[in-house]
Amino acid sequence: MAQFYSPKRRVTTRQNSPVLTLTVDNLDPFGQGVAHHNGKAIFVPGVLPGEQAEVQLTEEKNKFAKGRLKRLLSRSPQRVEPRCPHFGVCGGCQQQHADESLQQQSKAAALVRMIARETGVTPQQEPVIAGPQYGYRRRARLGLLWQPKQQRLVMGFRQAASSDLVPVTQCPVLHPELEQLLTPLRTCLSALQVARRLGHVELVLADNGPVLVLRHLDALKEDDRQALQAFARTKNVTIYLAPDSDSLEKLCGETPYYQVDGLRLDFSPRDFIQVNDHVNQQMVAQALEWLSIQPNDRVLDLFCGMGNFTLPLARRAAAVVGIEGVATLVANGQYNAHKNRLNNASFFHEDLEEDVEQQPWAAQGFDKVMLDPARAGAAGVMSHIVKLAPERVVYVSCNPTTLARDSKVLLSAGYRLARVRMLDMFPHTGHLESMALFINGSAPEVAAK
């Protein structure tokens, strides 16, 4: 559950700030090089372990400092040439200069360190669940900005440490079907009468083709609609129009869907779906294996979205209950359960940060629990999971800090942390995703594969 970019506060270098010669020891979870000077950790983007560099300090605190690379004095054998021409300016990727093994090793090690520090339990490092390093993203949102002086439309991603747009003509982490749309799409949008009043465009790759959502601030004239429809026909794209943040109008094309575990899940282009399909397929399969679903099991799926785990679970269990806080995702989950003829899956629209004891599902009994919360974690529901006393709990996390925090509740209740695997869901970025298996009491542990 992570965004492609987020505007960040601009960092300016102080006048006369010191320049140090440092050797980086390792990478932090976000891909920044970590060096030490006078007992203080110094974080430097763009420098890899073993490399020596001249670094200018940009920010200094009591326990750490931040710096920027001025000059690289030695090169690591794990340094590679970034594939993207916008790397280092665009804020989307932070680690294209590091090879695949270094990225995965540093993230996996950071995950184990964080869990060990917070819980006292040191998980065994296991193989990373990964897919292709490039061409993996099936979703992206690009900003649109009309520049009146240049009389041109800029389409791109946010600049690193800034809210400025970087014009993007290539994006190697995008699926090739989406990357190939970048230049013709900007040409099409630039020619619209409403080009000066566009907000952003979202690209999504469904299994039945690319989908485009255009946020426009003024109503579209008929000529613009026809131009977009012509583009859609030429590029085989489904187009939705978004006049505001709540409305969505399908201009042309088919309802998008993706497949997982042999099931078809229809979705709205604004619905949350996992960005990396290769990793999602493996993640769902791993969760099913770890939960060891039996035909008589009742399974609870918390933060279930529109059923990415719920429906595969329903193919194997006696009954599955999905809980989700977004009403449209609940509706889509119910629709997809019906369409896939899964009558044993039910969905509830509930806020899991409120008092879950009063919610209608809370009094039911469950043998297994699956949860996939947002970055804030699942603090509001962990104590109730303990009361349910399921045999197994699988926790998928996009934030190792909240995973470690929530793990302590289960560990204190007698569960053991049986397995942990890192998910390389977002190669070349600082996002660290993972999944963990907790087993209650003396239940048998799942053998590693």
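The structure is a predicted model, in which local features need pLDDT of at least 70 and side-chain atom pairs count only at pLDDT 80 or more, whereas totals for chains, interfaces and linings use all residues. Residues are numbered from 1 along each chain as its sequence is written, and side-chain values use heavy atoms, with hydrogens and water left out.

Strand β20 spans residues 392–397 and is mostly covered, six of its six residues being buried; helices (H or I, at least four residues) and strands (E, at least two) are DSSP runs numbered from the N terminus. Strand β19 (residues 368–371) pairs with β20 in the parallel sense over four bridges, pairing being assigned if DSSP finds at least two bridges between two strands. Within this pair, V393 of β20 is the bridge partner of V369. Together with helix α8 (residues 379–388), β19 and β20 make a right-handed β-α-β unit, a crossover being right-handed if, with the strands pointing away from the viewer, the path from the first strand over the helix to the second runs clockwise.

Strand β20 is also joined by six bridges to strand β22 (residues 433–440), the two running antiparallel, and here the bridge partner of R392 is I439 in β22. Strand β22 is in turn joined to β21 by eight bridges, again in an antiparallel arrangement, with Y415 standing opposite N440 of β22. Strand β21 (residues 415–423) is mostly covered, as eight of its nine residues are buried.

The loop between α1 (100–119) and β7 holds E126, which counts as buried because its relative accessibility is 15%. When neighbours within four places in sequence are left aside, E126 is in contact (heavy atoms within 4.5 Å) with R419, V420 and R421.

An open sheet of six strands shows the order β1-β5-β6-β4-β3-β2 with mixed pairing. Its edge strands are β1 (19–23) and β2 (26–27), each of which pairs on one side only. In this sheet order, β6 is listed beside β4, and strand β4 (residues 40–44) pairs with strand β6 (residues 64–72) in the parallel sense over three bridges, I42 having A65 of β6 as its bridge partner.

In helix α3 (residues 182–190), the residues L182, L185, C188 and L189 are buried. Seen down the axis of α3, the buried residues fall within an arc of 130 degrees and therefore line one face of the helix, the arc being that of the directions from the helix axis to the C-beta atoms. These buried residues of α3 pack against β7 (139–147), β8 (152–158), α2 (176–179), β10 (198–206), β11 (209–216) and α4 (222–235).

A search of the whole structure finds zero disulfides, a disulfide being a pair of cysteine sulfur atoms within 2.5 Å. For C84, the closest cysteine sulfur is that of C171, and the distance of 6.0 Å is too far for a bond.

Terms used:
Buried means under 20% relative accessible area, exposed over 50%, partly exposed in between (1.4 Å probe, protein chains only).
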